Amino acid sequence: SDDVTRNSSGLPTRVDYNPGGTAASYTDYFYYDSGGRITHFQHSTSSSATNFDEYFYYDSGGRLTHFQHSTSSSATNFDEYFYYDSGGRLTHYQHSTSSSATNFDEYFSYNSAGLLVRWELSGQGKTGSQTFMYSC
């Protein structure tokens, strides 16, 4: 069975998973900022090889700007960055690891109505794009 601990706002702060049988039990921890946005997620098991932490960073408008996944193995660590225009639309997403072979960027362009009109991918030895057209 699962045991959930919540903060005064009702958000989960700790979840103990005990599936029974041969499945391993584990605990997840959740940390929030004063606005109720998750800032840190921690997955903890009896095996440190499967433990990980995730961190969430926001701008003054509450938009996610940086996500970080961290483990005991640097080979599986990564960062994701999110960039927005003045209208709050995502314009650039960047995935970054310690290995440049797995890094990539995505770019998003919008028309004057705020609709997505172009997506571009660059990285991991690949490039691509897609143009979107709308009819009213």
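**Briefing: a glycine, a core and its rings**

Gly62 is partly exposed, at a relative accessible area of 24%, a value that falls between the 20% limit for buried and the 50% limit for exposed. The model described here is predicted. Its largest nonpolar core has 11 residues, and 7 aromatic pairs are counted.

**Gly62**
- Gly62 sits in the loop between S5 and strand S6 (64–71).
- Gly35 is 27 residues away from Gly62 in sequence, and their C-alpha atoms are 8.6 Å apart.

**The core**
- The 11 residues of the largest nonpolar core are Val15, Phe30, Phe41, Phe52, Phe56, Phe67, Phe78, Phe82, Tyr93, Phe104 and Phe108.
- Two or more of these residues come from each of strand S5 (52–58), strand S7 (78–84) and strand S9 (104–110).
- In soluble globular proteins, nonpolar side chains tend to be buried together.
- Leaving aside residues up to four places away in sequence, Phe108 touches Leu90, Thr91, His92, Tyr93, Leu116, Arg118 and Trp119.

**Aromatic pairs**
- Among the 7 aromatic pairs is a tilted one between Phe82 and Tyr93, with 5.3 Å from centre to centre and 45 degrees between the planes.
- Phe82 belongs to strand S7 and Tyr93 to strand S8 (residues 90–97), so this pair ties together parts 11 residues apart in sequence.
- Phe82 counts as buried at 15% relative accessibility, and Tyr93 counts as buried at 12%.
- Phe30, Phe41 and Phe52 are linked into a cluster by ring pairs.

**Charges over rings**
- Arg63 lies over the face of Tyr84, 5.3 Å from the ring centre.
- Arg89 lies over the face of Tyr110, 5.5 Å from the ring centre.

Technical notes:
Residues are numbered from 1 along each chain as its sequence is written. This is a predicted model: local features need pLDDT of at least 70, side-chain atom pairs count only at pLDDT 80 or more; totals for chains, interfaces and linings use all residues. Side-chain values use heavy atoms; hydrogens and water are left out. A nonpolar core is a set of buried Ala, Val, Leu, Ile, Met, Phe, Trp, Tyr and Cys residues joined through side-chain atoms within 4.5 Å. Buried means under 20% relative accessible area, exposed over 50%, partly exposed in between (1.4 Å probe, protein chains only). Helices (H or I, at least four residues) and strands (E, at least two) are DSSP runs, numbered from the N terminus. Contact means heavy atoms within 4.5 Å. Rings of Phe, Tyr and Trp (its six-membered ring) pair if their centres lie within 6.5 Å; planes under 30 degrees apart count as stacked, over 60 as edge-to-face and the rest as tilted. A charge sits over a ring if NZ of Lys or CZ of Arg is within 6 Å of the ring centre and within 35 degrees of the ring normal.
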